[in-house]
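Trainee: I am new to this structure and would be grateful for a guided reading of its strands. May I put some questions to you?

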Amino acid sequence: MDNLKEWIAETEDSGERIDKFITESLDEDISRTQVQQWIKEGQITVNGASVKANYKLIEGDRLALTIPEPEELNLTPEAIPLEVVYEDSDLIVVNKPRGLVVHPAPGHYSGTLVNALLHHCKDLSGINGVMRPGIVHRIDKDTSGLLMAAKNDLAHTSLAEQLKLHTVNRKYIAVVHGNVAHEHGTIDAPIGRDPHDRKLYTVTERNSKHAVTHFVVLERYGDYTLMELKLETGRTHQIRVHMKFIGHPLAGDPAYGPSRSKSMTIEGQALHAAVLGFKHPRTGEQLQFEAPLPEDMLHLTHVLKNR
């Protein structure tokens with residue numbers, strides 16, 4: 001997590017309490033109580049001055065949060081089963097199951113992929129902070145598939161740079177609502193916070209980041225489509241937001257899909273990180289890994305195909 005976070009209050013934010021606004025605006029799972037404590041400690045300012053937790057925003061207010069350095073945490077290594085796809089002294093690639101959170105967050109320090117990696121590896125890089133040792137990218141809790149983690153600073157720096165330069169090959173398989181008309185295409189649409197719900201993202205020109213997703217149709221099931229999606233950028237919830245934007249939200253997506261998505265035969269969005277390719281940080285060798293569709297998505301495609 002970056003130590004400094006900044007926002008400018010928009011028209012729709014006027015009248016909202018600052019503690020609520022900050023809590024909902026943070027990517028991490030930070031409690032409102034924690035935010036209120038930061039306000040008391042002067043870590044949060046409005047237009048350069050300290051305020052109280054019940055301060056109500058005015059359009060144009062400049063908000064700044066300086067997050068204190070995290071305390072050293074003794075995260076507990078846990079013997080959570082891991083499907084290791086590749087491992088050497090520099091890095092590890094795992095096939096994450098649906099439902100597993102990638103890294104701990106305040107109030108939720110156990111049962112994550114990081115806890116499992118700490119038990120398995122013993123030698124994770126600490127460059128990304130005590131909460132996310134070795135983690136260079138993440139996939140959502142209810143997305144399955146391939147994820148890499150670094151074991152030392154050299155590997156961490158190299159993999160993070162490759163992600164930044166968009167040279168990592170990341171392909172996903174998804175089941176989406178509707179019959180996608182084009183065989184292939186590119187969605188080039190900036191992504192930012194949803195002004196109506198700051199825990200979600202949307203395509204917007206305001207306070208947004210460049211985002212590009214390429215897609216290919218693999219199979220059609222009438223009112224559903226099986227697709228391959230290649231990330232050029234890696235914004236939070238990028239595929240889920242982009243597919244909703246073009247009118248084809250992911251099947252089973254409780255946040256971005258239609259309400260009927262919640263009654264699908266799959267827990268969470270039908271999205272799987274199937275391909276991960278990158279240059280080995282030490283040898284320079286091009287590595288590429290593939291993970292087959294998990295059982296729940298195979299079952300879903302079988303059901304849709306045979307209706």
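Mentor: Please note that this is a predicted model. Let us begin with strand 5 and strand 6, which form a hairpin with three residues between them.

Trainee: In which sense do strand 5 and strand 6 pair, parallel or antiparallel?

Mentor: Strands of a sheet pair through backbone hydrogen bonds, in one of two senses. Strand 5 covers residues 84–87, and three bridges link this strand to strand 6. Among the facing residues, E87 stands opposite I92 in strand 6. The sense of the pairing is antiparallel.

Trainee: Which residue in strand 7 is the bridge partner of N95?

Mentor: Strand 7 spans residues 144–150 and pairs with strand 6 in the antiparallel sense over six bridges. Within strand 7, the bridge partner of N95 is L146.

Trainee: How many residues of strand 6 are buried?

Mentor: In a regular strand the side chains alternate between the two faces of the sheet. From strand 6, L91, V93 and N95 point one way, while I92, V94 and K96 point the other way, and all are buried. Strand 6 is therefore largely enclosed by the rest of the structure, its buried residues numbering six of the six.

Trainee: Which strands stand at the edges of the open sheet of four strands?

Mentor: The order in this sheet is 1-4-2-3, with antiparallel pairing. A strand at the edge has a single partner strand, so one side is left without a neighbour in the sheet. The edge strands are strand 1 (4–8) and strand 3 (49–50).

Definitions and conventions:
Residues are numbered from 1 along each chain as its sequence is written. This is a predicted model: local features need pLDDT of at least 70, side-chain atom pairs count only at pLDDT 80 or more; totals for chains, interfaces and linings use all residues. Side-chain values use heavy atoms; hydrogens and water are left out. Two strands pair if DSSP finds at least two bridges between them. Helices (H or I, at least four residues) and strands (E, at least two) are DSSP runs, numbered from the N terminus. Buried means under 20% relative accessible area, exposed over 50%, partly exposed in between (1.4 Å probe, protein chains only).
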